Amino acid sequence: MSPLLWALIALPLGSGTALAVLGRRADRVAPGTAVAASAATLGLAGAAAVIRPEAAAPLLDGLPVRLAVDGPSGPVAVATATVTLAVLVFSSRGNGPGAARARFSGLMLLFSGAMLTTVTADTLPVLLMAWELMGATSWALIGYWWREPARVRAAGTAFLTTRAADLGLYIAAGAALAGGAAGGLDLDELPGTADPWLSVVTAGLIVAAFGKSAQLPFSFWLSRAMEGPAPVSALLHSATMAAAGAYLLLRTEPLLTASGWGGPAVARTGAVTAVLLGLVAVAQTDLKQLLAASTCAQAGFMVLAAGSGGVTGGTLQFLGHAAAKSLAFLVAGAWLTLLGTKALPGLRGAARHHRVAGAAFTVAALTLAGWPPLVLWGAKDLLLASALEHGAALYATGLAAAVVAAVYSAKALWYVWRPARGAAGEGGDSDAVPAGGAARAGGRALPAPASWSLAGLALACAALAVLAFEPARPAFGRLLGAGGEPVPHGWEMALSAALALAASAAVWRRAARPLPLPPAVTAWWGDWLRLEALARLLLVRPVLRLAGALAAFDDRVLGRAVRAAGPGALRAAGAAAALDARGPDRATAAAARGTLRLARATRRPAGGAGAGEEWLFDGLVRGVTSGARALGRLARRPQTGRLHQYLAQAVAAFAVLALALVLVAVR
Amino acid sequence: MLTVLVLLPTAAAAVLLCLPRRAPRAVFLGGWLATAAAELALTAAIWAGYRPGGGIQYEQRVRWIPDAGVSYHVGVDGLSLPLMALTCVLFLACAGYTWARRGTRRVREFAALFLFLQTTCLGLFAALDLILFFLFFDLSIVAMYFVIAGWGHRDAARAALTFFLYTFLGSLALLLGFIGLYLAADPHTFDITELTRENPLAGRAAYGGLVLLAIGTGLAVKTPTVPFHTWLPPAHTEAPAVGSAILAGVLLKMGTYGFLRIALPVLPGAWREYTQVFVVVGLVSVLYGALVALAQTDFKRMIAYTSVNHMGYIVLAFGAAAATGAGAEEARRLAVTGAVFQMVSHGLLTGALFLLAGVLYDRCRTYEMAAYSGLAGRAPVFAALTGVAAFASLGLPGFSGFIAEFQIFTGSLGTRPVETSLAVLGILLTAGLFLRALQGMLLGPLRLPDAPGAGRPFPDLRTAERAAVVPLLGLGVLLGIAPRFVLDVIEPASRGVMELLAR
């Protein structure tokens with residue numbers, strides 16, 4: 001059934017490219033076309049998840065393209081297609097009248113097609129192709145409002161950071177080939193790589209995955225990516241881009257195990273990211289930034305799962321997070337449009353005035369908080385059960401991260417459900433928009449399609465929870481090809497549920513009186529651990545300095561040396577030619593004369609060269625006269641200062657060298 | 001057939017020069033366009049009749065200077081055919097692009113010169129005799145000298161002279177090496193196929209090393225690799241757009257093609273001996289080219305330095321291909337195939353970039369990136385195509401550059417892990433510099449240069465300009481998504497090179 005698989009990736013990629021290329025001309029039809037295309041893609045993805053097709057085509061010498069829907073790729077493909085459809089339906093009425101809808105819809109489809117290819121890729125070359133295409137499309141999407149330099153720069157930061165990590169995949173591909181992985185860089189064959197290379201392959205994949213999934217230390221690009229439109233964030237940071245790295249690790253979990261060190265390293269990084277970026281999320285005062293940091297943290301759970309062998313839990317976390325996070329971003333975007341702010345203090349009361357959006361956001365936030373019976377509660381316990389097998393410390397870190405998740409979710413909820421304050425202004429914390437903005441703009445409502453999207457995603461947050469429990473769980477595990485993974489005990493489920501509820505309740509009660517932390521500390525957390533500043537200081541700035549220094553060197557030293565070397569070389573050549581001319585070797589002299597004539601002939605039409613010749617001429621004369629004096633009368637004759645004659649002399653000099661070669665050869 | 005392909009442009013040039021100077025522009029440009037189109041059709045016919053894996057085909061050999069072992073010997077194989085096709089595509093694009101230019105002076109001479117230049121390029125790729133190769137090599141320098149000096153910008157004369165002197169001296173080193181090969185062969189010959197078969201310098205390490213030094217230096221100047229690249233930026237900055245496109249797109253390939261056609265097969269022993277030198281030179285060119293490009297403020301100069309970077313990958317791959325070690329054969333072949341593919345890909349993409357840079361100069365008379373901002377608002381098609389070309393050039397998958405660079409990296413890493421890992425950084429640096437250029441020039445609020453055309457609109461690409469640029473980028477996409485039809489031609493040839501190198 002390979003046509004099905006080809007259609008699955010060709011449809012979004014093709015329609016997206018067409019819309020993007022047509023541009024303004026297709027603005028009117030773009031939203032409808034995009035929704036239709038993504039709906040059809042969802043249908044194809046669903047069919048593919050059931051039929052599990054495979055496809056192959058030759059690409060490079062011995063390195064074919066192979067696609068397959070097997071293991072986690074089926075459900076993840078469906079999730080990608082679903083979120084794409086939901087986001088495109090949601091934004092089909094938005095964007096304002098003058099917006100470049102075709103560009104937006106086209107890039108979204110292209111992006112989702114790249115993600116679908118990543119998900120179904122079975123060999124490294126095609127995986128890398130889709131992987132990098134996703135990065136480039138994200139650049140175009142984040143920089144959607146291209147007239148604003150700050151947004152464009154943010155897009156550049158995001159692309160460069162992820163591409164820096166992507167280099168790991170290039171190295172991994174080379175190492176896998178060097179290590180003799182059979183099957184043309186097939187992902188399933190990677191664990192069979194010979195030993196020193198096995199670690200290189202693992203390291204390369206891990207770096208690339210961490211970069212895409214914004215794990216530490218790459219997290220900062222996700223913060224900058226919030227400069228893009230909210231629907232873009234809803235797609236990029238839920239089921240695609242930021243989750244793609246975690247997906248790759250889940251997909252190549254056997255490789256992590258085979259390497260020995262890969263699994264623990266990945267699990268620890270995931271757990272630490274989940275805690276630290278969770279705390280970063282707590283420190284945010286901007287809803288989108290809070291959600292972005294929470295994406296890193298939630299992806300940290302998936303990474304933790306991949307590192308500790310909990311593929312079922314990790315995949316369920318992927319699916320649940322995709323639904324919840326896209327829902328949350330869509331609502332944040334809707335409020336941004338309706339109320340003109342995404343600052344948390346400015347959003348006070350937003351949920352009260354926009355009941356549909358408020359309810360949807362509540363479902364999303366409670367899902368992220370790990371409340372029972374929503375999906376992430378079950379998913380988290382499933383993956384933490386695997387982590388427990390690798391030690392209590394890992395489990396405890398994961399549990400701490402779950403508590404932090406409950407804290408930031410409750411914080412967001414608290415703000416949007418608080419009654420809007422009066423215009424009197426109780427505190428200085430509402431910086432973006434005057435207090436009470438929510439109440440004033442309350443009259444406008446969401447368009448109908450947007451509500452359908454929200455309702456569907458909210459439903460998914462609840463319904464997916466079924467997969468965490470008997471009898472669906474074993475079937476789900478079999479579908480993923482994962483077997484024998486540990487199952488959480490009752491006490492684990494109860495503990496995590498109790499912690500989530502308790503943390504949420506504590507936040508709800510204490511939110512009005514935040515912890516009295518020093519401003520430096522809150523600023524550090526609020527600024528995403530200053531990771532970006534660090535990267536700029538340690539990497540970007542030195543590289544730019546080096547580039548500047550090398551450019552100066554190139555210009556002033558290397559270029560000038562060559563110009564100075566010219567006269568010197570010619571001087572030497574002149575001397576050699578003079579010596580040569582005296583000798584009996586008439587053939588050389590004749591050759592020189594012939595070349596001279598040729599040079600004169602070619603020189604004649606070059607009228608435009610006068611100025612340049614004068615410039616060179618000066619240098620030559622100065623250099624040459626002093627040399628000529630030293631070399632005496634013999635050398636003086638050929639130094640006419642005529643460029644073409646120097647060239648002829650150079651030819652003669654080379655002829656002498658050729659003679660030397662002759663002697664070597666004859667001997 | 002090959003001879004017709006090679007000489008037809010010069011014949012057309014002669015005809016054009018016989019026409020009166022006062023004849024309408026359309027006659028000259030039309031003649032050029034028609035010849036270029038006919039050349040492309042001829043190459044397509046040759047490609048259609050070419051059997052992949054069949055060795056050298058369309059071979060033709062005529063005695064020329066029998067006493068000196070020189071003959072007119074031409075033929076095509078999987079190494080030269082893609083480059084000849086690239087040459088014809090680029091020259092056609094340049095002809096189309098010039099059609100759109102109102103301001104080109106002395107159109108008759110311009111067209112004739114480019115037709116002649118096309119002969120030298122095709123002749124070089126077809127040549128199977130060292131003297132023939134050298135002849136076309138030098139004639140291309142002469143022709144390009146006149147293009148830059150005659151139709152360049154302000155400082156063209158000086159840049160053209162630097163270009164001429166530098167590359168001409170390089171070609172003399174090349175000639176010296178050729179003479180060394182000639183003398184080593186028994187009987188003496190300049191024929192490349194005979195020299196390849198004979199491997200005349202096997203077992204003569206010192207002599208082989210000297211000859212490789214001469215040939216390597218000559219080709220390195222043309223490629224160019226660091227530190228022999230200093231002629232390139234001024235030549236590009238001053239050359240007219242089509243001149244730059246041909247210079248970067250085709251002429252630079254003469255250097256790398258020379259390595260593949262002469263240095264590797266004829267001097268396998270010396271190449272294996274000194275392969276480390278080429279790996280390091282390639283790596284330095286990659287990183288140095290990218291870093292210096294990053295610091296440029298002039299768009300065209302920046303592209304010129306990225307050429308140093310892109311050519312560096314090729315030299316690196318050639319160096320890595322020579323490493324000894326069983327089992328890595330498949331990977332090293334991948335590197336060589338990638339290098340040949342990179343020649344084609346770089347020709348298409350950099351050709352397109354230089355033509356687009358020419359549009360910039362045409363509209364506002366400056367290449368300074370700081371002078372522009374937000375061009376996407378005024379000229380969306382120009383901005384879109386420049387963006388696409390930039391992303392293609394930074395090696396984005398879906399374009400030909402990725403297919404080339406992925407093969408080079410993947411194939412080289414096994415034998416040269418440290419150097420290749422460092423060279424991979426090159427694609428990050430190029431990503432950075434192209435993004436910076438795009439952000440500065442195309443995006444953001446609109447700003448155009450003040451002088452001398454202040455307040456002038458920046459008209460979007462004209463139809464003929466689009467017609468010249470879009471096919472180049474279209475081919476870049478085609479080769480990036482469905483590279484098999486070219487790889488099928490290259491792969492048997494690179495297998496042949498590997499076998500010759502293993503002797």
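How far apart do the C-alpha centres of domain 1 of chain A and domain 2 of chain A lie? In this predicted model, the two centres are separated by 36 Å. The domain assignment places residues 3-424 and 445-526 of chain A in domain 1, and residues 532-560 in domain 2.

Chain A contains 29 helices and two strands. Its length is 667 residues, of which 58% count as buried.

Within chain A, helix H13 (residues 262-283) packs against helix H19 (residues 392-417), their axes coming within 8 Å and crossing at roughly 25°. Because angles under 35 degrees count as roughly parallel, H13(A) is described as roughly parallel to H19(A). The crossing of H13(A) and H19(A) is left-handed. On the side of H13(A), the contact is made by Ala267(A), Ala271(A), Ala274(A), Val275(A), Gly278(A), Leu279(A), Ala281(A) and Val282(A). On the side of H19(A), the residues are Leu394(A), Thr397(A), Gly398(A), Ala400(A), Ala401(A), Val404(A), Ala405(A), Val407(A), Tyr408(A) and Lys411(A). Sorted by class, this contact has 14 nonpolar, three polar and one charged residues.

One residue of this helix pair, Thr397(A), lies in helix H19 of chain A. Thr397(A) counts as buried because 22 C-beta neighbours are found inside 10 Å, the cut-off being 20 or more. Leaving aside residues up to four places away in sequence, Thr397(A) touches Ala271(A) and Val275(A). The C-alpha atom of Thr397(A) is 9.9 Å from that of Gly270(A), although the two residues are 127 residues apart along the chain.

Pro125(A) is part of helix H5 (residues 124-142) of chain A. Not counting residues up to four places away in sequence, Pro125(A) touches Leu59(A), Leu60(A), Leu63(A), Val65(A), Ala173(A) and Leu185(A), as well as Phe406(B) of chain B. Pro125(A) and Glu253(A) are 128 residues apart along the chain, and their C-alpha atoms are separated by 19 Å.

The contact between the chains takes 60 residues from chain A and 61 residues from chain B. On the side of chain B that touches chain A, at least two residues each come from helix H5 (130-151), helix H6 (156-184), helix H12 (275-294), helix H14 (329-364), helix H17 (400-413), helix H18 (417-441) and helix H20 (484-501) of chain B. Of these, H6(B) gives the most, with 15 residues. The residues on this side of chain B divide into 40 nonpolar, 16 polar and five charged.

Chain B also has a helix pair of its own to describe, in which helix H1 (residues 2-18) and helix H4 (residues 107-126) pack at an angle of about 165°, with their axes 8 Å apart. Angles over 145 degrees count as roughly antiparallel, and H1(B) and H4(B) are therefore roughly antiparallel to each other. Their crossing is left-handed. Residues of H1(B) in this contact include Leu2(B), Leu5(B), Val6(B) and Leu7(B), while those of H4(B) include Arg108(B), Ala111(B), Ala112(B) and Leu115(B). By class, the contact of H1(B) with H4(B) has 15 nonpolar, four polar and one charged residues.

Key. Residues are numbered from 1 along each chain as its sequence is written. Chains are lettered from A and ligands numbered from 1 in the order in which they are written. This is a predicted model: local features need pLDDT of at least 70, side-chain atom pairs count only at pLDDT 80 or more; totals for chains, interfaces and linings use all residues. Domain bounds come from an automatic or database domain assignment. Two residues are in contact if their C-beta atoms, placed from the backbone, lie within 7 Å. Helices (H or I, at least four residues) and strands (E, at least two) are DSSP runs, numbered from the N terminus. Ala, Val, Leu, Ile, Met, Phe, Trp, Tyr, Cys and Pro count as nonpolar, Asp, Glu, Lys and Arg as charged, and the others, Gly among them, as polar. A residue is buried if 20 or more other C-beta atoms lie within 10 Å of its own, exposed if 12 or fewer, and partly exposed in between; C-beta atoms are placed from the backbone. Axes are lines fitted to C-alpha atoms, for helices over the stretch in contact, and angles run from 0 to 180 degrees between N-to-C directions. Angles under 35 degrees count as roughly parallel, over 145 as roughly antiparallel, 65 to 115 as roughly perpendicular and the rest as oblique. A crossing is left-handed if the near helix is turned anticlockwise from the far one by less than a right angle, and right-handed if clockwise.
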